[in-house]
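Please look at the model shown here before reading further. The paragraphs below then lead through it step by step.

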There are 2 protein chains.
Amino acid sequence: MRDQYQHQLDRVLDELVEMTGDVRAALSSATQALLDADASCAEAVITGDLAIDDARERIEEESFNILARQAPVAGDLRMLVASLRMVADLERMGDLSVHIAKVARLRYPARAVPTVLVPTIQQMAKTADEMITAAAEIVATHDVEAARALDVADDDMDRLRRFMFRVLLSDEWDDGVEPAVDMALIGRYYERIGDHAVSMGRRIVFLVTGHHPAAV
Amino acid sequence: MRDQYQHQLDRVLDELVEMTGDVRAALSSATQALLDADASCAEAVITGDLAIDDARERIEEESFNILARQAPVAGDLRMLVASLRMVADLERMGDLSVHIAKVARLRYPARAVPTVLVPTIQQMAKTADEMITAAAEIVATHDVEAARALDVADDDMDRLRRFMFRVLLSDEWDDGVEPAVDMALIGRYYERIGDHAVSMGRRIVFLVTGHHPAAV
C-alpha cells in the first residue's frame, strides 16, 4: 500500500516534468512561427494546446484522487497542493505560447517582428526556454540552488523587456503603431511565461525549505 | 467538533468574498488614477497591494490547515482546493490593478489615456467590476445561474478590446506609438482581470454541478 502510494506521488511529479517538455516544445514552435512567419507552425501550436489542457486535467484528477483517498499529511499534502498549482502554471504557459502563435498567424504572410527586434525576441525566447528548463529541473531534483538561476534569468527578461520599450518608443522607430502594439504584447507574453517558471521554482523551494523566497 | 469544522470552512468562503471587495476597490482606484491622472491614487493602489497579498497568505494558510487537520473528503475537499485557486485568481487581479496604476504613475502629470479612448476604458473598468461582483456573488451564494452573466460580460470585454484595437490601428489614430502601447497593455490587464473572474465563477459551477462549463 505504502509503495503504491509513493508510486502515485512520484508519478504526479514525473508527469509534471513531462508536461514541462510539451510546454517547451510549444513555445519553441511559437517562436519559430513568429520569426519565420510560418503559418503551419503557428497552427500546430494552436491545435496542440488541447493536449496540454488534457495533461493538466489528467494530472489534476490524479492529484485530487490521492488527496481524497490517501488523506496525505505534512510534506506529501504540501507537495500535492503545489502540484495542483504548478500544473496551472504550465497550462497558462501553453496558453501564452498560443497567444504568440496567434500573432504570427494574424500577420502572415508578413513577419510580425520588425528586423530591429529580431535579436531581442530571440533572446526573450531563449531566456524563457532556460527558465522553463530550470523549473523542470527543480521539480525533478528538488535542487533549490537551481532556483537562483531562475532569478538571474528573470532579471535578464526584465532587461530585455525594458530594452524593447526603449526601441519601440525611440525616435528611430519607423515601423508604425501596429508592430509596436504587437511587440509590446508579445514581450508581455514571454515575460509572463518566465514569471510562471519562477513561480514553479518558488513553490518547490518552499516545499523543500519551508520558507518563501523573496515575494514573486 | 463538526460545528467548528463547518465554521472554519464557512470562514474561508467569507474571507474570499471579503478579499473580492478589496480587489474591486483596488481596481476602482486604479481606473480613477488612470482616467484622472491621479498620482496619489495610483500610489495607494500600489502600496495597498500588500494587504491583498497578506489576505491571500492568510486564506491559504487557513485552507491548508483544514486540509491537514481535518482531512476533508468529497465536496469539502473540492471546495478547499477550489478556494486555494480562487485566492490565487484574486491576488492576480490585485497585481493587474497595480499594473494599471503603474501606467498612470509613469505618465503623470499627463493622462495616459487619449481622449478618444476614455469611454472605452470606462466601459472596460465597469465590465471588469461587474465581473468581479458576479464572481463574488457566485462564491457567496453558489448560484450557478449567475455564471451566465459572467459569460455575457466576458463577451462584452472581448468586443471592447477589439474596438480598442480598431481605434489604435486606424488611420485616424494620431496619438503616436507610446499611448498605443500603453492602451494595448492596459486593455490586456482589464481583460485578464475579467478572465480571472470567469475562472472563479467556473470553479464554483464545477463544485456545484460536477461539470466543467465550456473550457475557459
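The account begins with how the model is to be read and then moves from the pairing of the chains to single residues.

This is a predicted model, in which local features need pLDDT of at least 70, side-chain atom pairs count only at pLDDT 80 or more, and totals for chains, interfaces and linings use all residues. Residues are numbered from 1 along each chain as its sequence is written, while chains are lettered from A and ligands numbered from 1 in the order in which they are written.

The relation between the two chains comes first.

Where the chains meet, 18 residues of chain A are in contact with 18 residues of chain B; contact requires that the C-beta atoms of two residues, placed from the backbone, lie within 7 Å. On the side of chain A that touches chain B, two or more residues each come from helix 2 (39-70), helix 3 (74-107) and helix 6 (177-209) of chain A. Helices here are DSSP runs (H or I, at least four residues), numbered from the N terminus. Helix 6 of chain A gives the most to this side, with 7 residues. By class, the side of chain A that touches chain B has 16 nonpolar, no polar and 2 charged residues. In this count Ala, Val, Leu, Ile, Met, Phe, Trp, Tyr, Cys and Pro are nonpolar, Asp, Glu, Lys and Arg are charged, and the others, Gly among them, are polar. Because 100% of the interface residues of chain A are also interface residues in chain B, the copies meet through the same surface.

A residue is buried if 20 or more other C-beta atoms lie within 10 Å of its own, exposed if 12 or fewer, and partly exposed in between, with C-beta atoms placed from the backbone. Residues up to four places away in sequence aside, Ala135(A) touches Thr20(A), Leu150(A), Ala197(A), Met200(A) and Gly201(A).

In chain B, the buried residues of helix 5 include Ala147(B), Leu150(B) and Leu168(B). Their cover includes helix 6 of chain A together with helix 4 (118-141) and helix 6 (177-209) of chain B.

Asp182(A) lies in helix 6 of chain A and is buried, with 21 other C-beta atoms within 10 Å. Leaving aside neighbours within four places in sequence, Asp182(A) is in contact with Val103(A) and Ala112(A).

Some backbone details remain. A cis peptide bond joins Tyr108(A) and Pro109(A), with omega about 5 degrees, and Pro109(A) is placed in the loop between helix 3 and helix 4 of chain A. Tyr108(B) and Pro109(B) are also joined by a cis peptide bond, with omega about 10 degrees. Ala37(B) is not a glycine, yet has a positive phi of about 50 degrees; Ala37(B) is in the loop between helix 1 (2-36) and helix 2 of chain B.
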